[in-house]
Amino acid sequence: MTRLLDIPADLPSAAAAYASVGIRVFRVRPDKAPFANCVRCRPPTEKRPNPFYIEHRPEECRCDARTCHGFHAATTDVALVRRWWAEQPDANIGAPCALNGWAVLDIDPRHGGDQSYSVLEQRVGCLPGTVMQLTGGGGLHILYRTPGVSLPGTLGPGIDVKHNGYILLAPSVHASGLRYRWSGHGRFLPPVVGWPAALTPRQRSAA
Ligand SMILES: [Zn+2]
Ligand SMILES: [Zn+2]
């Protein structure tokens, strides 16, 4: 899985392209909310009782729709991906990080992430070059292979670590109206560079 992938400009084709090279994807609404759970999978709340709910854990879901439970539904099944995006052609493309073997630095300059990044590099040295994505909101995703240990959720103001969560993939549309895109020539290469050891909490050992 090391070949450059040309990313089609339209979301349905791009989603299928990712799935076809083994990237797990799922649908995310343009406002970033995951698609809602079906009635059997939506836990009741005080405000919204749900007599149809069947209690189960997401990883044990037997739901045919397979759009429930957010990124736990992410799949590499190209036929299913085509069906999802045929239903919702404007759905953004979500990719769970850890489930795809990724750990992602999410740098948001609007919250001081560029300054935090400079401070971080002064502290641990230059971080190894790897796959990067420009978010439509002026931010940057830096993708590494997951170290297989738990990671801190943040490394400073404006620098989040996306590991247990998900990121959107190009050409998803950011809230700003601009599209995510891979840096370089807009082509995608799954990350092969490992998470920098200097960023792994010291007390942890490799799992
Ligand atoms: Zn369901
Ligand atoms: Zn379910």
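I'll start with one contact: the side chains of Arg187 and Asp6 meet in a salt bridge, 3.9 Å from N to O. The term salt bridge here requires a side-chain nitrogen of Lys or Arg within 4 Å of a carboxyl oxygen of Asp or Glu. Arg187 sits in the segment after β9 and Asp6 in the segment before α1 (11-20), so this pair ties together parts that are 181 residues apart in sequence. Helices (H or I, at least four residues) and strands (E, at least two) are DSSP runs, numbered from the N terminus. By the salt-bridge rule, the count comes to 4.

Now the conventions. This is a predicted model, in which local features need pLDDT of at least 70 and side-chain atom pairs count only at pLDDT 80 or more, while totals for chains, interfaces and linings use all residues. Residues are numbered from 1 along each chain as its sequence is written, chains are lettered from A and ligands numbered from 1 in the order in which they are written, and side-chain values use heavy atoms, with hydrogens and water left out.

On to the interface. Contact, meaning heavy atoms within 4.5 Å, involves 11 residues of domain 1 and 16 residues of domain 2. The buried area between the two domains is about 1,200 Å², with carbon and sulfur atoms giving 59%. That is accessible area (1.4 Å probe) lost by two parts on being put together, summed over both.

How many salt bridges cross between domain 1 and domain 2? The rule finds 0. It does find 6 residue pairs in polar contact across this interface, both residues at pLDDT 80 or more. A polar contact is a pair of N or O atoms within 3.5 Å; within protein, one must be able to donate a hydrogen and the other to accept it, and residues adjacent in sequence count only if both atoms are side-chain atoms.

On the domain 1 side, β1 (26-28) and β2 (92-96) are the elements that give two or more residues. The largest share, 4 residues, comes from β2.

Last, the sheet. It is open, with 6 strands in the order β6-β7-β3-β5-β4-β9 and antiparallel pairing; strands pair if DSSP finds at least two bridges between them. The edge strands, β6 (154-156) and β9 (181-182), each pair on one side only. Further in, 4 bridges join β4 (residues 131-134) to β5 (residues 140-145), and Val131 stands opposite Leu143 in β5.
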